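Subject: Handover of a structure and its findings

Dear colleague,

Please find below the structure that I am handing over to you.

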Amino acid sequence: MIPVPAAAERRTRSAVEQAELSARLKSWLRHWPRAAAVLSGLLMATAFPGLVWRESAWIALVPLMLCVRSVSPREALGLGYLAGMTVWLINVHWIWYVTVIGWVLLAAYCALYFAVFAWFTNRWFAGAGGAGWARNLAY
């Protein structure tokens, strides 16, 4: 028969398990913005020819907008660039047959538009004077 641990041991074990769970959650949350940016890129790529899921364009930028509202402007720029690279590396894949360098350079150029969008979205959520998006909606 297995002995039942005392209440103090159970609490200690529970606290350790909670600390491990908290550490795992923090680790996952650290990567959340990058995962959301890639998800936005993948969703946007599905709206273009190939799959042509036009409806996905309506929700494609939501994960990107959610993740850039809580990061610094510089990180928002990088996340937007990551989302853009994901979209354009998928959508201009046909150039790969002509030139790999051209494929990457064209995707990098087009990704700048997503980066600028993410930066402006970040600034919009931050708002002037710290009032955030509510103040921007009022104007």
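Helices (H or I, at least four residues) and strands (E, at least two) are taken here as DSSP runs, numbered from the N terminus. On that basis the chain reads α-α-α-α-α-α along its sequence, with six helices and zero strands.

Please note that this is a predicted model, in which local features need pLDDT of at least 70 and side-chain atom pairs count only at pLDDT 80 or more, while totals for chains, interfaces and linings use all residues. Residues are numbered from 1 along each chain as its sequence is written, and side-chain values use heavy atoms, with hydrogens and water left out.

Helix packing

Helix α4 covers residues 73-91 and helix α5 covers residues 100-126; their axes come within 6 Å and cross at roughly 140°. Here, axes are lines fitted to C-alpha atoms, for helices over the stretch in contact, and angles run from 0 to 180 degrees between N-to-C directions. The two helices are therefore oblique to each other; angles under 35 degrees count as roughly parallel, over 145 as roughly antiparallel, 65 to 115 as roughly perpendicular and the rest as oblique. The crossing of α4 with α5 is right-handed, a term used if the near helix is turned clockwise from the far one by less than a right angle, with left-handed used if anticlockwise. In the contact of α4 with α5 there are 21 nonpolar residues, three polar ones and one charged one. Nonpolar covers Ala, Val, Leu, Ile, Met, Phe, Trp, Tyr, Cys and Pro, charged covers Asp, Glu, Lys and Arg, and polar covers the others, Gly among them.

Burial and cysteines

A residue is called buried under 20% relative accessible area, exposed over 50% and partly exposed in between (1.4 Å probe, protein chains only). Of the 139 residues in the chain, 29% are buried. Leu79, in helix α4, is buried at a relative accessible area of 8%. Its C-alpha atom is 8.4 Å from that of Cys67, twelve residues away along the chain. Cys67 is itself buried, at 0%, and Cys110 is buried at 16%. The count of disulfides (pairs of cysteine sulfur atoms within 2.5 Å) is zero.

Aromatic pairs

Rings of Phe, Tyr and Trp (its six-membered ring) pair if their centres lie within 6.5 Å; planes under 30 degrees apart count as stacked, over 60 as edge-to-face and the rest as tilted. This rule gives five aromatic pairs. Among them, Trp119 and Phe120 have ring centres 5.0 Å apart and planes at 75°, so the pair is edge-to-face. Trp119 is partly exposed at 32%, and Phe120 is exposed at 52%. The rings of Trp124 and Phe125 are also edge-to-face, with centres 5.2 Å apart and planes at 70°. Trp124 is partly exposed at 35%, whereas Phe125 is buried at 18%.

Yours sincerely
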